[in-house]
Amino acid sequence: MQIGDLVTDFALLDQAGTPRTLSTLLESGPVVLFFYPAAMTKGCTKESCYFRDLASEFAALGAQRVGISMDSVDRQAQFTSQNNLDYPLLADTDGVVAKQFNVKRAVDFLKVKRTTFVIGQDRRVIDIITSELNMNVHAERALEALAKLKP
């Protein structure tokens with residue numbers, strides 16, 4: 001997946017077991033889709049909470065935050081509850097969407113590469129943010145990319 005690529009629609013269950021599709025999520029604005037290795041781990045909690053804390057900034061730009069990992073629906077629900085997350089967490093338990101975005105690791109220990117995709121309403125990738133160590137850069141760079149979309 002590269003900047004400018006068209007993202008194929010997908011459907012996954014969120015933390016409540018509700019089916020979510022990318023196309024439906026995009027109906028109300030750009031989507032910031034961030035892949036994280038595992039719910040309830042230190043780095044992923046920091047990253048997810050930072051996305052939560054910047055809710056008003058993302059809302060001001062008309063964008064939605066969506067987390068995605070290979071954790072189960074139940075684990076995503078627990079993660080959401082423990083951290084008061086206010087956005088969907090998608091359960092890509094088989095890694096199908098991770099493979100589609102080319103972020104699935106060959107070894108299952110960390111499962112996916114920590115990567116964020118800013119996706120426009122036309123389903124095109126606007127920006128890709130990668131960093132395994134700087135948890136805050138994902139949300140900050142996504143906001144910068146979204147700000148460039150506004151006239």
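Guide: Two strands pair here if DSSP finds at least two bridges between them. The model is predicted, so local features need pLDDT of at least 70 and side-chain atom pairs pLDDT 80 or more, while totals for chains, interfaces and linings use all residues. Residues are numbered from 1 along each chain as its sequence is written, and side-chain values use heavy atoms, without hydrogens and water.

Visitor: Which residue of β5 is the bridge partner of isoleucine 68?
Guide: Strands are DSSP E runs of at least two residues, helices H or I runs of at least four, numbered from the N terminus. β4 and β5 (residues 89–91) run parallel, joined by three bridges. In β5, isoleucine 68 has as its partner leucine 90.

Visitor: And which residue in β4 does valine 31 stand opposite?
Guide: Strand β3 (residues 31–35) pairs with β4 in the parallel sense, over five bridges. There, valine 31 faces glutamine 64.

Visitor: How many residues of β4 are buried?
Guide: Buried means under 20% relative accessible area, exposed over 50%, partly exposed in between (1.4 Å probe, protein chains only). Strand β4 spans residues 64–69 and is mostly covered. Of its six residues, the buried ones number five.

Visitor: What is the angle between the planes of tyrosine 36 and phenylalanine 79?
Guide: Aromatic rings pair with centres within 6.5 Å (planes under 30 degrees apart are stacked, over 60 edge-to-face, the rest tilted). The structure holds nine such pairs. This one is tilted, with 5.8 Å centre to centre and an angle of 40 degrees.

Visitor: Which helix holds phenylalanine 79?
Guide: Phenylalanine 79 counts as buried because its relative accessibility is 0%. Its partner tyrosine 36, 43 residues apart, lies in the loop between β3 and α2 (42–53), whereas phenylalanine 79 sits in helix α4.

Notes:
Phe/Tyr/Trp six-rings, centres within 6.5 Å; stacked < 30°, edge-to-face > 60°.
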